[in-house]
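User: I would like to learn how to read this structure feature by feature. Please give me the general idea each time, then the case at hand.

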Amino acid sequence: MKEAANPLLDRTFPVPFDRIRPGDVGPAITEVLARATERIDELGAGSGGSYGDVLGALDAIVEDVERTWSPVSHLHNVDATPDLREAYAAALPDITRFSSRLHHHEGLFARLGDFAASTEAASLTGLRRRHLERTLRDFRRAGAALDPARKKTLEDLRLELSELSRRFEENLLEETAAYGKLVTEPAALAGFPDTALERAAQLAAARDEEGWLITLDMPSVQAVLQHADDRALRREIHAAYLDRCTVGERDNRPLVARILEVRREIAELLGFPDFPDYRLETLMARSGSRVRSFLDELIDRTRPFHECDTVELDAHATRSGLGALQPWDVAWLMEKLRKERFDVDDEMLRPWFPLDEVQAGLFEIAERLFGLSVQRVDNPAVWHPDVGYFEVRDEAGLHLGSFYTDWFPRETKRQGAWMDSLVSGGPAPDGGFRPHLAFIGGNFTPPTPTRPALLTHREVCTLFHEFGHLLHHTASRVEIPARGGVNVAWDWVEVPSQIMENWCWERDALDLFARHHETGEPLPDAMLERLLAARRFMGGWMQMRQLSFANLDLELHRSYDGTTPVMDYAAKQLRPFVPSDSFVERHILPTFAHLFAGGYASAYYSYIWSETLEADAFSRFAADGVLNGETGRALRDCVLSQGDRRDPEELFRDFMGRDPDPAALIRRNLGTPPHP
């Protein structure tokens, strides 16, 4: 395929990221939207036609727009320079408006309805039948059946919502990048591991400073909260981290309140009692009331474990001379307790988890389990020198897809770890296969001049998690991209990612990658035994923390009515899950990007919902052998390759031969309830 002059209109594979400039965004979006609008008008003005003439044509229009916008959105996540942020902000309203007008196009909706009533549509089965039903459902949920005045109101609300979310995310990026605390006295960093000290020195040197620089990216914050013996420093960084986006021009609190209000208005306009019922209609949970019941049951079952952990933390705080337990003490106390009880901690394990070895071992596991080979290949068309590029092939050598990796923090990069599905491929009409393209990345502790990038065990789990999302996308064999890969119910999408974390705890798997970066020595048996013994340590506290966020998300979208300050309401919702008022004086809300700049609104529960399913599904591997290729192929065939071909409940039954066991999560994560 010939290269387009504008790289965002280039459909060669992979994406030519090295050629994309901020100035390309506006012209590309203008051109692709003009082309799409013309084709939609033609489609809506027509009549009759086959499945390909109607559904196929619509899919092609949407894919053309997505192929143009996806690289822009991706670069906004990984390389958000001021110029790119400006170009993104200018184009976002047009993209949002296009989506609204696509679903509000009366002629197009009428033609879809006419086709749905046709003889050919009545004869559709399987995937094509499902795609037609899902497409009509999506149009109705987007307001296609509303009168013109309400359509206009809905379009305005969606446009406002996209702008509010963009501002929330950019405020968070800027606030994070703006902070830096220079430490010049070594004693102030007592307790810091060598890896964290070296990185802090690197950060200071990069700004021509002498000493150690503490920032608000995750590796830096974790180093302070887990390891700094200086309690005043822990308190200062804890406050700085939670105070982001609470003052001045970057204050996200008004944005949060308005986002909640807009979402409520959208749901009511579409005939739903609240936003959770609107959002969850298409998910496994189906409704806010079902999520409420799910969370209540899990909270009740977790509470005895949480209370036991809280008592233990309180006691250790007293023994350590800290007095009352405070939020900036928790991670530090946990590390001390874990080391004291199990003689294991994050820093002790780091030398056995060099990033390159972990990746190589993960790829070998993918080959043994799923029959997928992963090889690094040269690709200079990337956005940063840290980026890696890999190809995935099946047993027959078929190129299923490629993906990028980008693991280290930068000021222009969003926080957290995530996967992006950049191009959705799959079986082609001509019998061939169009490769998928994806990205996985995060914010791990980078290498220093004296050592490679060494991961904590938690970071290893994160890498495996994101690779699980990648497998779900890349292994997809669904002929219709909109129904393939990770385009599934939000409370099912985390199952493939979370199940992959299990291999980070298994000796047979660890032997493939857990080797000391200097000696090549495998992770010693005694250390693994201590790691496994500590797996459930503070499990009640950690699980209750996740449940508190899920509860906050649900109630914000279900019950908050705007009559009280949103920060006060959030504190009230969080208070039953923490030991004292000091834990809610500052809280996550102004920086909770999952809810206000991501896709988890009313669906944060999906993490623990999916974890319940995958804890049960992994029991089959535990019984058959954790590297059993036959079981791995079954997971690939029943789940990873299926996308949204059928309902998640059916896919689970295909793999397990039964319905889920809801007690599996408690058994794995928490064990037997403590005695009262």
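User: Where is Glu-170 found?

Analyst: Helices are DSSP runs of H or I with at least four residues, strands are E runs of at least two, and both are numbered from the N terminus. Glu-170 is found in helix 7 (residues 148–178). This is a predicted model, where local features need pLDDT of at least 70, side-chain atom pairs count only at pLDDT 80 or more, and totals for chains, interfaces and linings use all residues. Residues are numbered from 1 along each chain as its sequence is written, and side-chain values use heavy atoms, with hydrogens and water left out.

User: Is Glu-170 buried or exposed?

Analyst: Buried means under 20% relative accessible area, exposed means over 50%, and partly exposed lies in between (1.4 Å probe, protein chains only). Glu-170 has 10% relative accessibility, so it counts as buried.

User: Which residues does Glu-170 touch?

Analyst: A contact means heavy atoms within 4.5 Å. Leaving out residues up to four places away in sequence, Glu-170 touches His-76 and Arg-85.

User: Which residues are linked with Glu-170 in a network of salt bridges?

Analyst: A salt bridge needs a side-chain nitrogen of Lys or Arg within 4 Å of a carboxyl oxygen of Asp or Glu. The network links Glu-170 with Arg-85, Glu-163, Arg-166, Glu-174, Glu-175 and Arg-250. Across the whole structure, the search finds 67 salt bridges.

User: What does a salt bridge between Arg-301 and Glu-297 look like?

Analyst: Their side chains meet at 3.8 Å, N to O. Both belong to helix 13 (residues 288–319); they are four residues apart, so about one helical turn separates them. Arg-301 is partly exposed at 33%. Glu-297 is partly exposed too, at 45%.

User: What parts does the pair of Arg-458 and Asp-346 tie together?

Analyst: First the distance: this salt bridge is 3.6 Å, N to O. Arg-458 lies in helix 17 (residues 457–474) and Asp-346 in helix 15 (residues 346–349), so the bridge ties together parts 112 residues apart in sequence. Arg-458 is partly exposed, with a relative accessible area of 44%. Asp-346, at 2%, counts as buried.

User: Now aromatic rings. How many aromatic pairs does a search of the whole structure find?

Analyst: Rings of Phe, Tyr and Trp (its six-membered ring) pair if their centres lie within 6.5 Å; planes under 30 degrees apart are stacked, over 60 edge-to-face, and the rest tilted. The search finds 36 aromatic pairs. Take Tyr-51 and Phe-115: the centres are 6.4 Å apart and the planes stand at 65°, so the pair is edge-to-face. It links distant parts of the chain, with Tyr-51 in helix 2 (residues 51–78) and Phe-115 in helix 4 (residues 106–116), 64 residues apart. Tyr-51 is buried at 4% relative accessibility, and Phe-115 is buried at 3%.

User: Which rings form a cluster?

Analyst: Ring pairs join Phe-17, Trp-383, Tyr-389, Tyr-404, Trp-418 and Phe-439.

User: What lies over the face of Trp-418?

Analyst: A charge sits over a ring if NZ of Lys or CZ of Arg is within 6 Å of the ring centre and within 35 degrees of the ring normal. Arg-414 lies over Trp-418, at 4.2 Å from the ring centre. Likewise, the charged end of Arg-279 sits over the ring of Trp-490, 5.2 Å from its centre.

User: And the whole fold: how many helices and strands are there?

Analyst: The protein has 27 helices and nine strands. Buried residues make up 58% of its 676 residues. Of the contacts between residues at least 6 apart in sequence, 74% join residues at least 24 apart.
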